Amino acid sequence: MPLPYESPSGCDDRTLPLQKSAMENFICVQCGTQFTKTIAPPSRCPICEDERQFVRHSGQEWTTLKRLADDHRNRILDEAPQLLGIGTEPEFAIGQRALLLQSRGGNLLWDCVTVLDDKAIAALKARGGIRTIAISHPHYYSAMVEWAERFDAQILLHIADRQWVTRESPRIQFWEGTTVSLWDGLTLINCGGHFEGGTVLHWPAGASGEGALLTGDIIQVVQDRRYVSFMRSYPNYIPLAAAAIRRILERIEPFSFDHIYGAWWQANILSDAKATIGRSAERYLQAIGA
Ligand SMILES: [Zn+2]
Ligand SMILES: [Zn+2]
């Protein structure tokens, strides 16, 4: 078998560069998160071992982007004007779709997926590429550093979730506090709840100027798409306490919006979205006896 690394001429010691070239950014198969380069796969995935996720029943498994490229590709579909959905086919890991929000001052990638194929790169570049990647919470960190490098973008994460970053990069910028203003009126809002750093994005130009909220699963659009819900753990059914629900309501109160774009294909609420969150919170608080 040929060596994967050809030693530069004049260099006799092949050990170090050989090891370096054999290092990989392994990806957890269950949550899709990519890790810092190592020779062997990491022993565990802290995101999956946390009570908000789970280790797959057959045990911890790893893959790489190269291997994923053999049988996965991106699915690209408009979710709304100026809002392009990017997912994965067949579904991989948690199964969310990201959203490319196109705006005059630059495009923002909201949340992320692991797979990034050439067709998706071309489609996104044709729409102006990515200025910044902002992510709602660690379940969607996925291969964010790969994406940032490919599009020469920065990544904005809330500092409260810093411990969940599994691949460090100078492209990652942590923000703190309750809101951060970006360009064209875009605002990241820290709601907490599902994760302490849980973030939603307010897009004032969305919904034809009525405003939209991009929520990941910090505010989860439920199956009937007439309500939203909020959980500490979705797979393990751990609800949130009343104080966390009230904090989410407080944090979004100053913003007006008519649409919500959730974490999954067409998991969107396309009218009266702010009142929908109010009604949903009321129903939830009643259900937990608060
Ligand atoms: Zn994992
Ligand atoms: Zn989640």
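Reply: Start with the word donor: it covers N, O and S atoms within 2.8 Å of the metal (3.2 Å for Na, K and Ca). Water is not among the atoms, so sites may look incomplete. This is a predicted model, in which local features need pLDDT of at least 70, side-chain atom pairs count only at pLDDT 80 or more, and totals for chains, interfaces and linings use all residues. Residues are numbered from 1 along each chain as its sequence is written, chains are lettered from A and ligands numbered from 1 in the order in which they are written, and side-chain values use heavy atoms, with hydrogens and water left out.

Take the zinc ion (ligand 2). Its protein donors are H137 (NE2), H139 (ND1) and H194 (NE2). They lie 2.1 to 2.2 Å from the ion. Along the sequence, the spacing reads H-x1-H-x54-H. Are these residues buried or exposed? Buried means under 20% relative accessible area and exposed over 50%, with partly exposed in between (1.4 Å probe, protein chains only). H137 has 0% relative accessibility, so H137 is buried. H139 has 4%, so H139 is buried too.

Now the zinc ion (ligand 1). Here the protein donors are C28 (SG), C31 (SG), C45 (SG) and C48 (SG), at 2.3 Å. In sequence they follow the pattern C-x2-C-x13-C-x2-C. C31 sits in the loop between β1 (27–28) and α2, while C48 belongs to helix α2, so this pair joins parts 17 residues apart in sequence. Helices (H or I, at least four residues) and strands (E, at least two) are DSSP runs, numbered from the N terminus.

What arrangement do the four donor atoms make? Four donors count as tetrahedral if all angles lie between 85 and 135 degrees. Around the zinc ion (ligand 1) the angles run from 102 to 117°, so the arrangement is tetrahedral. For four tetrahedral donors, the ideal angle at a metal is 109.5 degrees. C31 is buried, with a relative accessible area of 2%. C48 is buried as well, also with 2%.

D50 lies in the loop between α2 (46–49) and β2 (62–63). At 13% relative accessibility, D50 is buried. Contact means heavy atoms within 4.5 Å. Leaving out neighbours within four places in sequence, D50 is in contact with W164 and F195.

Methods:
Tetrahedral: all angles 85-135°; square planar, octahedral: opposite > 155°, others 65-115°.
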